[in-house]
Amino acid sequence: MYKSIFMAAFYQREKNNHLSILDVREVDEFQSGHIPSAQNLPLSRLPDIFEILDKAEAYYVICHSGGRSATACTFLSHQGFNVTNVMGGMSSWKGDLI
């Protein structure tokens, strides 16, 4: 099972800590604006590329609104990863984008 965090709490945590953030939106969505430290692993490719991730790392998973990230969290938690779903997703993000 995975954990969930609301955007307000995630935003505060991200401001004060270095977090490993996985953005599971598609490449074009990611390129149109993302959290500066986020890594793009599109949900559509996740089953083929998840092995590049480190099981010792805690990951915060984000998408546009929280649906795809929940799907990604279910998949990754079944593979043994420590993941937290960011509810509200990028549609609720108030910080800087690149």
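1. The largest nonpolar core of this predicted model comprises 17 residues. Within this core, the residues that touch the most other members are L22, L53, V61, L76, F81 and V83. At least two core residues come from each of α3 (46-49), β4 (58-62) and α4 (67-78). The greatest contribution is that of α4, which supplies 4 residues. As general background, nonpolar side chains in soluble globular proteins tend to be buried together.

2. When neighbours within four places in sequence are set aside, V61 is in contact with L22, V24, S69, A72, C73, L76, V83, T84, N85 and V86. Of these partners, L22, L76 and V83 are named, like V61 itself, among the core residues that touch the most other members.

3. A further core lies apart from the largest one and has 13 residues. Its members include M7, F10, I62 and M90.

4. The aromatic residues form the next topic. Over the whole structure, 6 aromatic pairs are found. One of the pairs is formed by F10 and W93: the ring centres are 6.0 Å apart and the planes stand at 55°, so this pair is classed as tilted. F10 belongs to helix α1 (residues 7-16), whereas W93 is in the segment after β5 (82-87); the pair thus links distant parts of the chain, 83 residues apart.

5. Are F10 and W93 buried or exposed? F10 has a relative accessibility of 0% and therefore counts as buried. W93, at 10% relative accessibility, also counts as buried, because the limit for a buried residue is under 20%.

6. W93 takes part in another aromatic pair, with Y11. This pair is edge-to-face, with 5.2 Å from centre to centre and 75° between the planes. Because Y11 lies in helix α1 and W93 in the segment after β5, the pair ties together parts that are 82 residues apart in sequence. Y11 has a relative accessibility of 23% and so counts as partly exposed.

7. Which residues do the ring pairs link into a cluster with F10? The cluster consists of F10, Y11, Y60 and W93. F10 is also a member of the core of 13 residues.

8. K55 lies over the face of F81, at 5.5 Å from the ring centre. F81 is one of the residues that touch the most other members of the largest nonpolar core.

Definitions and conventions: Residues numbered from 1 in each chain as written. Predicted model: local features only at pLDDT ≥ 70, side-chain atom pairs only at ≥ 80, totals over all residues. Heavy atoms only, no water. Core = buried A, V, L, I, M, F, W, Y, C linked by side-chain atoms within 4.5 Å. Buried < 20%, exposed > 50% of the residue type's maximum accessible area, 1.4 Å probe, protein only. Contact = heavy atoms within 4.5 Å. Phe/Tyr/Trp six-rings, centres within 6.5 Å; stacked < 30°, edge-to-face > 60°. Lys NZ or Arg CZ within 6 Å of the ring centre and 35° of its normal.
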